[in-house]
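Here are my notes on this one, as promised. Have the viewer open while you read.

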Amino acid sequence: MFERFQAFFQNLTNDSPKNSFAPDDPRIAVAALCMQVMEADGQVKESEKKRLRKLLKDQYGLDRKQLDALIAAGQEAESSAVDYYRFTSDLKRHLNTEQRLELIGILWDIVYADGERSEMEDDAIWRIAELLGISARERILKRQEAARRVTDVEVVQDDAD
C-alpha cells in the first residue's frame, strides 16, 4: 500500500523542490482535498490526522518543519475554497488518468483511517471523482479496495493477538 502512495507522490514532486509550496503546487491541492474529505462527516479524528501526516511525511520526504508548512498551506487553501473545483482543476492539469484514479484510492484510505465510512464522505469523494473524470465504477472499485485493506489489517492484528 505504501509503495502505491510513494509512487503517486513522487510523480507529483519530480520538478518541485521539497521546501517550496507555490500556490499551484499539486501537493497543496492533494493535502486540501484530503482535509476536505476528513472534514466531510463533521468529525476529524486523530487517526485520520495521523494517517495524513504520515502519508505526506513519508511520501514527500519532508522534515517536521516542511510537513507543518505543507499542512498549513493545505488548511489555508481548504478553508478559503468554496468547492472542490479549485483543487480538482489544478490536479486534472497535473495528473494523468491513472494518477487521478490513484488519488481517489488515497482519499478512500483517509476515509477508512478511522474505521468508519459516512454518507457525507461518500458524497465528497463522489463529487471529487466526478470533477477528476473518474467513473462511478472506478470510484467504487477504489472504495472496495480500501475497505479490503482495512479488513486485511484487522485480520492480521487479530491473528497477532
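1. First, the ground rules. This is a predicted model, where local features need pLDDT of at least 70, side-chain atom pairs count only at pLDDT 80 or more, and totals for chains, interfaces and linings use all residues. Numbering starts from 1 along each chain as its sequence is written, and side-chain values use heavy atoms, with hydrogens and water left out.

2. The overall picture: the protein has 8 helices and 0 strands. Helices (H or I, at least four residues) and strands (E, at least two) are DSSP runs, numbered from the N terminus. Of the 161 residues, 45% are buried, where buried means under 20% relative accessible area, exposed over 50%, and partly exposed in between (1.4 Å probe, protein chains only). Take the contacts (heavy atoms within 4.5 Å) between residues at least 6 apart in sequence: 74% of them join residues at least 24 apart.

3. Now α3, residues 46-60. Its 15 residues reach 21 Å from first C-alpha to last, close to the 21 Å expected at 1.5 Å a residue; the expected span is 1.5 Å times one less than the number of residues. Buried here are Glu 48, Leu 52, Leu 55, Leu 56, Gln 59 and Tyr 60. They cover an arc of only 90° around the axis, so they sit on the same side of α3. The arc is that of the directions from the helix axis to the C-beta atoms. Just after α3, Gly 61 has a positive phi of about 65°.

4. Just after α7 comes Gly 133, with a positive phi of about 80°.

5. How do α2 and α6 cross? The axes of α2 (residues 26-39) and α6 (residues 97-111) come within 9 Å and cross at roughly 40°. Axes are lines fitted to C-alpha atoms, for helices over the stretch in contact, and angles run from 0 to 180 degrees between N-to-C directions. The contact is made by Val 30, Leu 33, Cys 34, Val 37 and Met 38 of α2 and Leu 103, Leu 107, Ile 110 and Val 111 of α6.

6. Last, Asp 24, in the loop between α1 (2-13) and α2. Asp 24 is partly exposed, at 48% relative accessible area. Asp 24 and Phe 87 are 63 residues apart in sequence, and 9.1 Å apart in space, C-alpha to C-alpha.
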